Amino acid sequence: TFLGWFFYEMPRVVAEVKRFFDLFPEEERRQLLEQGWTMDTAILTWPAGKLSDAPPLLASVHILFAEAIFGIGNWVDALPFPPVADPKKIQQCFDSSKYLPIQGLEAFRRIRKYVRRISRNGGFGFIDVNTVVVGLLKDLKPDQLEVGEANYMNIESLEEFFCSIMGWVRFFRSPILPIVVLKKPRLDNGMFRLLFLYNPFCYATFWNPKCTKVSLKRIRSMARTVMQ
């Protein structure tokens, strides 16, 4: 059962969280644990479409997860609109191939602006790895790019871009938790600068738009994903 898997993996998850905090110098760790901190608005990825005859109260699992983790209204999508404006079938609600490269570029610029703000002001940033956005960049035309963006067509991941171009350092990576943490030195005012890059919430729900039924075999093969 899900509950059984939860308790089976819980000691390993707690150990990973402890390992994360143990990476900080003692004084920084004390401040992290004792002080109250405000979470920056999280950046998700893109919203699923909704059929016109869908129940009016039908809610996206991404939104439910985001509100439970980050708070109501404390998140935005990198791509602010569904891939198909008026989907006629369920597959179109999740067909991210319909996004255009220029839309991916606009989303990437939003993410870049968000990260620059945290670099400048400090804080804790939470960003979906946004593989769809990064994948769209490779099909851009040179005349769509501004000065300083020539390398965008070769970006492999947000993590690689933040570290190689924006000066962030890989601080924590877990084989269990679906997250990578990047870090910059604290500001003179003591503010921490941390970026949490996380895998999409759909990994936790076993969601595949081509297969709405989940077999026991599939669930077992993804047991640890329950913790995500």
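1. Cysteine 93 is buried at 1% relative accessibility, and cysteine 163 is buried at 15%. Buried means under 20% relative accessible area, exposed over 50%, and partly exposed in between (1.4 Å probe, protein chains only).

2. A note on the model. It is predicted: local features need pLDDT of at least 70, side-chain atom pairs count only at pLDDT 80 or more, and totals for chains, interfaces and linings use all residues. Residues are numbered from 1 along each chain as its sequence is written, and side-chain values use heavy atoms, with hydrogens and water left out.

3. Check asparagine 130. Its phi is positive, about 50 degrees, although it is not a glycine. Most residues other than glycine have a negative phi. Asparagine 130 sits in the loop between β3 (123-128) and α6 (131-137); helices (H or I, at least four residues) and strands (E, at least two) are DSSP runs, numbered from the N terminus. Asparagine 130 is buried, at 0% relative accessibility.

4. The structure holds 17 aromatic pairs. Rings of Phe, Tyr and Trp (its six-membered ring) pair if their centres lie within 6.5 Å; planes under 30 degrees apart are stacked, over 60 edge-to-face, the rest tilted. Phenylalanine 24 and phenylalanine 171 have centres 4.7 Å apart and planes at 55 degrees, so this pair is tilted. The pair ties together parts 147 residues apart in sequence, because phenylalanine 24 lies in the loop between α1 (2-22) and α2 (26-34) and phenylalanine 171 in strand β4 (residues 169-173). Phenylalanine 24 is buried at 2%; phenylalanine 171 is partly exposed at 21%.
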